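Dear colleague,

Please find below the structure that I am handing over to you, with its sequence. My notes on it follow directly after.

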Amino acid sequence: MIDKGILSAGRVYCDLNFSGMDQLPRLGREVFTDDMSMHAGGGAFITASYVAALGLPACLMGRLPCAPFTSIIEQEAKARRVDLRHCVTATGGAPQLTVAMAMDNDRAFLTSRQGAALPDDHATRMRSLVAGSPLRHLHISELSTLLEYPSLVSQARQAGLSISLDCAWDDACLDHPDIASLVSRIDVFLPNESEMQRLQGNGVDTACAPMTVVKQGAAGATAWVAGRQLHAAAESCEVVDTIGAGDAFNAGFLCAWLARKPLSQCLSIGNACGALAVGRRGGASNLPDLYHLLADA
């Protein structure tokens, strides 16, 4: 058992997952789908769920969507062994929802982002949470959260945490003038290939952070660290739904990295989690125990 856990920070959504379409909706037209389901969503929740499945302590810090969707998140978190004690629930207003549409081995999202990403007292919560706990790493699930709370990095450092960052596609965030400076303060940066290409036009390259890991879908993943580049091929698998694959990869890679596994194994374990994610509906639905991925590596 690895004695290091992960605090996953960011907004939590209820995902309305649609699949089985032969085309995406267009203005003035109606499209029908074969399947629809509701799941807890958002990169922070999905990564935390896979961290727990891998056998590490997983705690979530964020803002849950308001009722009636709160109960969906709470039920899935309990089933996934994700600690929600340091989340707060939005009250009133529009709920935080994502319409996720999966088609042709890709996906599109329409999201209602409401209110603040984190509890107002997040800094105090993080200090108290880390003290006497196994949590040793902060994963920030989206650029928007870091831009909203740029002091989060220094607060995590003061708490003795290492830090990782994912993107979550957002045009305004990817083009923000402060992104290069913020990314340079992160230990592990985890964009996907499309996000990395967009960021390169904004002064962010693979050497911006001490370690950058670019997720490349069916092509696997490539890491850059200390002038070294290492690639790992993806596992062969049947693709059912790509929603959450990158967040699952994050969990596998980070858990292996915290366990001080060789970089090649970190990439392979990340790819294994990504392959598991694309083989099922929803970002973190019905996960099996994944302890063997770390034990066998």
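Leaving aside neighbours within four places in sequence, with which residues is Gly-43 in contact? They are Ser-141 and Asp-247, where contact means heavy atoms within 4.5 Å.

Two remarks on the basis of these notes come next. This is a predicted model, in which local features need pLDDT of at least 70 and side-chain atom pairs count only at pLDDT 80 or more, while totals for chains, interfaces and linings use all residues. Residues are numbered from 1 along each chain as its sequence is written, and side-chain values use heavy atoms, with hydrogens and water left out.

**Helix α1 and Gly-43**

Gly-43 has its place in helix α1; helices (H or I, at least four residues) and strands (E, at least two) are DSSP runs numbered from the N terminus. With a relative accessible area of 16%, Gly-43 is buried, a term that stands for under 20% relative accessible area, against over 50% for exposed and partly exposed in between (1.4 Å probe, protein chains only). In α1, 11 of 11 residues are buried, among them Phe-45, Ile-46 and Tyr-50. Just after α1, Gly-55 takes a positive phi of about 100°. Gly-43 and Gly-246 are 203 residues apart in sequence, and their C-alpha atoms are 8.4 Å apart in space.

**Helix α9 and Ala-248**

Ala-248 lies in helix α9 and is buried, at a relative accessible area of 0%. Not counting residues up to four places away in sequence, Ala-248 touches Ile-46, Tyr-50, Cys-273, Gly-274 and Ala-277. Between the C-alpha atoms of Ala-248 and Gln-96, which are 152 residues apart along the chain, the separation is 21 Å.

**Helix α10**

Helix α10 (residues 263-278) has 16 residues and reaches 23 Å from its first C-alpha to its last, close to the 22 Å expected at 1.5 Å a residue; the expected span is 1.5 Å times one less than the number of residues. Of the 16 residues of α10, 12 are buried, including Leu-267, Cys-273, Gly-274 and Ala-277. The elements against which the buried residues of α10 pack are α1 (43-53), β12 (211-215), β13 (221-225), β14 (228-232), α9 (245-258) and α11 (291-295).

**Nonpolar cores**

A nonpolar core is a set of buried Ala, Val, Leu, Ile, Met, Phe, Trp, Tyr and Cys residues joined through side-chain atoms within 4.5 Å. The largest one has 51 residues, and those with the most contacts inside it are Tyr-50, Leu-54, Leu-60, Leu-84, Val-213, Phe-253 and Leu-267. Helix α9 gives the largest share of this core, nine residues. A second, separate core of 35 residues includes Leu-7, Ile-140, Val-153 and Met-196.

In strand β9 (residues 135-140) is the place of His-139, which counts as buried because its relative accessibility is 0%. Neighbours within four places in sequence aside, the contacts of His-139 include Leu-7, Thr-47, Asp-166, Asn-250 and Leu-254.

**Pocket and cavity**

Both terms refer to a 1 Å grid over the protein atoms alone: a cavity is a set of points where a 1.4 Å probe fits but cannot get out, a pocket is an open set with protein on both sides within 12 Å along at least five of seven lines, and lining residues have an atom within 4 Å of a point. Grid points are joined across faces, edges and corners, and a volume is the space filled by probe spheres set on the points.

The largest pocket holds about 1,400 Å³ of space. It is lined by 46 residues, of which Arg-107, Phe-109, Asn-192, Thr-242 and Gly-246 are the closest to its centre. Strand β8 contributes the largest share of this lining, six residues. By type, the lining of the largest pocket divides into 16 nonpolar, 18 polar and 12 charged residues, with Ala, Val, Leu, Ile, Met, Phe, Trp, Tyr, Cys and Pro counted as nonpolar, Asp, Glu, Lys and Arg as charged, and the others, Gly among them, as polar.

The count comes to one cavity of 30 Å³ or more, and the space in the largest cavity is about 40 Å³. Its lining includes Asn-17, Phe-18, Asp-35, Met-36 and Arg-281, and β2 and β3 (35-41) each supply at least two residues of that lining. The residues lining the largest cavity divide into four nonpolar, four polar and three charged.

With kind regards
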